[in-house]
Amino acid sequence: EAIFSDNSGLILTSSGDAASLWSVMNPDEPVHTLRHEAEITSAVFSADDSRVLTSANDTTARLWDAKTGRLLQTFGHGVVDLDGVDDTSVSAAIFMDDEKLVLTAGMFGIWVWDAGTGKVVRKFRGRSPAVSADRLHWLTWDGKRARLWNVRRDEPLRTFKADLDFHGAVLSAGGAGERPPALRIVTWNYDGYYGRGAHGRAYLWDADHDEPIQTFWHDDYVHGAALVHDETRVLTFSRDGSVRLWDTEQKQPPRILRHRHAIERAMLAPGGDALLAWTRDGTARLWGLAEKRPDEPLRVFEHDGRPLSARLSPDGSRVLAYSTYGDTIRLWDVERQKPLRTFRLPVDVDGTALSPTAKRLFAFADDHGAWVWDVDKPEPLLTIEKKKWFSHPLFNADGTRLFVWTSEQAWLLDVER
């Protein structure tokens, strides 16, 4: 993982048991190495980029000064006994409540800490927290019940009647107050096993009811869900080959966007007015979520009939697609529904990135190398040969610089030259 700091001129990366801070002015060596005693699970900047928060499978999360590399606080879970098994994991750490608090998650527990003193404020039992956009609320579940919490309260805001295990959840921003009426939660799960007889469901909850206020059905496993259109719609996508857009006010029937095969992934376009979904048959479809023709995609992109990975460019004008078992990358013009260019690697593609300006393409293949293209030219601008274990590359906000690193070396590239 890597994060560009717009304020400090630093890049934060994590690999193995250490996070590293690199200077964009001199990326030859890390400025600071922030080390744990086991594999790092997360690393983030504070909002002003002055601090770094890390977590690892050594029972701790740690807060660091980004300028000096000094350790400010250690938030220690200790070894937790789970039915005779020692749990040393801290799977995530995030800032909460205007960064006055830090939330850390273990396998079956949640800790809330005072960021200034390093002391435990609250401790909860539960797992897989989903956090609201305002960083004031989160959801936990343990297979028997789900609970909604506020960082300023010891007791849950709501215990939901949910005799099932959630596989994912998203929370809305919520708004001000300890019990905001606008807070909404979408969860999803599936019944049975993959294939025949399985059913997927998603649920809409709020802070005022202990049962779902709506249930959304699919015919197979639900891969994900989102709140869209100012939270007046819930979007779900599933292994049953459909994306469904549900009216939270229940005034209209769901809009069903059908594919021929199970949907692997989906992503919203900038602004949330369109959705790109792709399937295992090598097809990506772009749907207009406000279109009057509910059954027809805006665009269809075909790619070699193989399992596909696809992405929309940040401005929504391009679709980048490649087969996960193939050597071909295609960049499509969304408006014209035509490939702008086809790029071929000597081996199968392991990963790609497109700059925010959609002018530069990066692709890599482990054990072979990496390539950078100007999308208007057939030959690569740069080749990094015979390197392995590339981490996913990172463009800065304006797309002028690309940070690439392996287990052995790092490069900061000026890709607009």
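Let's start at Arg152, which counts as partly exposed at 43% relative accessibility (partly exposed lies between buried, under 20% relative accessible area, and exposed, over 50%, with a 1.4 Å probe and protein chains only). This is a predicted model, in which local features need pLDDT of at least 70 and side-chain atom pairs count only at pLDDT 80 or more, while totals for chains, interfaces and linings use all residues. Residues are numbered from 1 along each chain as its sequence is written, and side-chain values use heavy atoms, with hydrogens and water left out.

**Salt bridges**

- The count comes to 18 salt bridges, where a salt bridge is a side-chain nitrogen of Lys or Arg within 4 Å of a carboxyl oxygen of Asp or Glu.
- Arg152 pairs with Asp97, and their closest N and O atoms are 2.8 Å apart.
- This pair links distant parts of the chain, 55 residues apart: Asp97 is in the loop between strand E11 (92-96) and strand E12 (101-105), and Arg152 in the loop between strand E17 (146-150) and strand E18 (158-160). Strands here are DSSP runs of at least two residues, numbered from the N terminus.
- Asp97 counts as buried, at 5% relative accessibility.
- Another salt bridge joins Asp247 to Arg233, with 3.2 Å between the closest N and O atoms.
- Asp247 belongs to strand E25 (residues 242-247) and Arg233 to strand E24 (residues 233-238), 14 residues apart; Asp247 counts as buried at 6% relative accessibility.
- Asp281 and Arg260 also meet through their side chains in a salt bridge (3.2 Å, N to O).
- Asp281 lies in the loop between strand E28 (274-279) and strand E29 (283-288) and Arg260 in the loop between strand E26 (255-258) and strand E27 (263-268), so this pair ties together parts that are 21 residues apart in sequence.
- Asp281 is buried, with a relative accessible area of 14%, whereas Arg260 is exposed at 53%.
- Shared partners join Asp97, Asp98, Lys100 and Arg152 into one network of salt bridges.

**A further contact of Asp281**

- The side chain of Asp281 also reaches the backbone nitrogen of Thr283, at 3.2 Å.

- E11 and E12 run antiparallel and are joined by five bridges; two strands pair if DSSP finds at least two bridges between them.
- Ile94 has Leu103 in E12 as its bridge partner.
- Four residues separate E11 and E12 in their hairpin, and Asp97 in the turn has a positive phi of about 55°.
- E11 is largely enclosed by the rest of the structure, because four of its five residues are buried.
- Strand E5 (residues 40-45) and strand E6 (residues 51-56) also run antiparallel, joined by five bridges, and Ile40 stands opposite Ala56 in E6.
- The hairpin of E5 and E6 has five residues between the strands, and Asp49 takes a positive phi near 65° there.

**The largest pocket**

- The largest pocket has a volume of about 380 Å³. A pocket is an open set of points on a 1 Å grid where a 1.4 Å probe fits, with protein on both sides within 12 Å along at least five of seven lines; its volume is the space filled by probe spheres set on the points.
- Its lining has 15 residues, and Arg311, Thr352, Ala353, Leu354 and Pro393 lie nearest the centre; a lining residue has an atom within 4 Å of a point.
- Strand E31 (308-312), strand E32 (318-323), strand E35 (351-354) and strand E39 (394-395) are the elements that give two or more residues to this lining.

Definitions and conventions. Polar contact = N/O pair within 3.5 Å; in protein donor to acceptor, adjacent residues only side chain to side chain.
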